Amino acid sequence: MLFLLFFILALAAVAYGLEWLIEQPGSLTLDFAGYQFEASIPVAVGGLLLILAATIVLWAIIMAALRMPGRWTGGSRLKRRDKGFDALSQGLIAVGTGDAARAKKAAYVAERLLPNEPLTQFLKAQAAQLAGDRRLAEETFHKMTLKPETKLLGLRGLHIEARRRDDADAAHHFAKEAHAIAPVPWAGAAMLEHLAAQGDWQKAREAIEASLAAKALDPQTAQNLRAVVETAMAMEKERDHPHDALHLARQALKRRPGFAPAAVAAARVLVRHGDRKQALKLIETVWATKPHPDLGAAYLEALTGESNAAKLARVEKLARTAPHAPESRHLVAEVALSNRNFAKARDALAPLIASGRHPTAHTCLLMAEIEDGAHGPSGPVREWLARGSRAPRDPVWIADGVVSKHWLPISPVTGRLDAFEWKPPPDSAQHLTEEGAPNIPAAFLTRPAEPVALPSGDVSGEAATGPSA
């Protein structure tokens, strides 16, 4: 509204000025080259305005003519750029759908139209990977590392290619170089896996802290990885440095409450130190929240030397801390069987085989042992064995399709840290043997058995408060 008012006022002022100019008497005379021009003031002003307008129009025509080739070139460049980006888009879609031929063709078009576009090299490398041309893929990724804006992406591609050809040293080199540029999650994880595979747990701890400080790891994941590394260190130090091993295992339990491998490691050290009472208390505390067969085995190991009746009483007390857990009932049944108390073993398993329940293979095998011990080879034994062959499988330590008898800190297949989970295995799972575990440090495939002496002092006191201390 204010602009309109200002425009009207300005128009009125111009009209008034023109009217005033027209009404003024006088004329304008121009002598030039022997010629004399005379005109009134209004005519002279009008002629001057016409000359100015003509000059402006002529200048615009000249500039338009000069710019025409550039506009034609610019239009051609824009069309070329649009075609190039269209080829990039189609190529990336082809890579996503697995169409190697279409991706390769699109990469060729994009490289011809947009040779300096970072995405062009990426598409070329992806198309080469899809087509199985590893040499071209590596060459393209190497070119990407020569430019600052694509160096990280090129290092990532070279890292993947190195892992595909099982070149661990090269993969570590590329991950380390990328991590020096920026703490990206994949580089931190790759460095952590390499250090864990080498058994360099101290540097692995430092790598976790660095990734956490750079926010490449969330706090909970970092805590879990710390617990895994500290448990691995504890297991390695059980023989030569039991005091350190106990401290590390208990620290892992603080970070990851109920973590069975850490609790078992701590209990083993305490038992070998002769502090059986604290070992039992530690296992009982963890069992109440997260019962696990490995804890049960460690509990029975701590009870070595006691009578079968005393063992059964202690195990029943342990089971009452988690009465509904299948692990509690299995442990009671196993100890009752060793005591030839078949009735108590059967009673322990009764809720697991009740009508409507689906007992696991381990439950069925225990029932077969009970029937065999109570009545000898008979029909019920064969029936339970047959049911066990069809029953759901019990949880095991499994990582990347490989089953291990013991928990391990890294996967024997990929080297991934904290890969083992306690869950039922698929039918295709492979069982890990010592000969089939090239990536696992030897300390985790064997367990030291000789008793050793812990330094006297604060070790027992440290353990007396349970895993939450």
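Helices here are DSSP runs of H or I with at least four residues, strands are E runs of at least two, and both are numbered from the N terminus. By that count the protein has 20 helices and 6 strands. The model is predicted. Buried residues make up 37% of its 469 residues.

**Overall surface and contacts**

- The accessible surface of the protein comes to about 26,400 Å².
- Carbon and sulfur atoms hold 60% of that surface.
- Among contacts with a separation of 6 or more, 55% join residues 24 or more positions apart.

- Helix α1 covers residues 2-23, and L11 lies in it.
- A nonpolar surface patch is formed by M1, F3, L4, F7, I8 and L11.
- Together these patch residues have about 750 Å² of accessible area.
- L11 counts as exposed because its relative accessibility is 52%, and the cut-off for exposed is over 50%.

- Side chains of opposite charge can pair when their charged atoms come close.
- K124 and E111 meet through their side chains in a salt bridge, at 3.2 Å from N to O.
- K124 sits in helix α4 (residues 118-131) and E111 in helix α3 (residues 100-113), so the bridge ties together parts 13 residues apart in sequence.
- K124 counts as buried, since its relative accessibility is 16% and the cut-off for buried is under 20%.
- E111 is partly exposed, with a relative accessible area of 28%.

**Helix α4**

- Helix α4 has 14 residues.
- From its first C-alpha to its last, α4 reaches 20 Å, close to the 20 Å expected at 1.5 Å a residue.
- The buried residues of α4 are T120, Q121, L123, K124, A125, A127, A128 and Q129.
- K124, one of these buried residues, is also the α4 partner in the bridge to E111.
- G132 follows α4 and has a positive phi, near 85 degrees.

- R134 forms a salt bridge with E161, and their closest N and O atoms are 3.8 Å apart.
- R134 belongs to helix α5 (residues 134-144) and E161 to helix α6 (residues 151-164), so this pair ties together parts 27 residues apart in sequence.
- E161 also meets R164 in a side-chain salt bridge, at 3.2 Å from N to O.
- Both E161 and R164 lie in helix α6, 3 residues apart, about one turn of the helix.
- An α-helix has 3.6 residues a turn, so residues three or four places apart point the same way.

**Exposure within the network**

- E161 counts as buried, at 2% relative accessibility.
- R134 counts as partly exposed, at 36% relative accessibility.
- R164 is also partly exposed, with a relative accessible area of 47%.
- E161 is thus a buried residue that pairs with R134 and with R164.

How values were computed
Residues are numbered from 1 along each chain as its sequence is written. This is a predicted model: local features need pLDDT of at least 70, side-chain atom pairs count only at pLDDT 80 or more; totals for chains, interfaces and linings use all residues. Side-chain values use heavy atoms; hydrogens and water are left out. Patches are made of residues with over 30% relative accessible area and no salt bridge: like charges are joined within 9 Å, nonpolar side chains (Val, Leu, Ile, Met, Phe, Trp, Tyr) within 5 Å. Accessible areas come from the Shrake-Rupley method with a 1.4 Å probe; for residues, only the protein chains shown count as cover. A salt bridge is a side-chain nitrogen of Lys or Arg within 4 Å of a carboxyl oxygen of Asp or Glu. Buried means under 20% relative accessible area, exposed over 50%, partly exposed in between (1.4 Å probe, protein chains only). The expected span of a helix is 1.5 Å times one less than its number of residues. Contact means heavy atoms within 4.5 Å.
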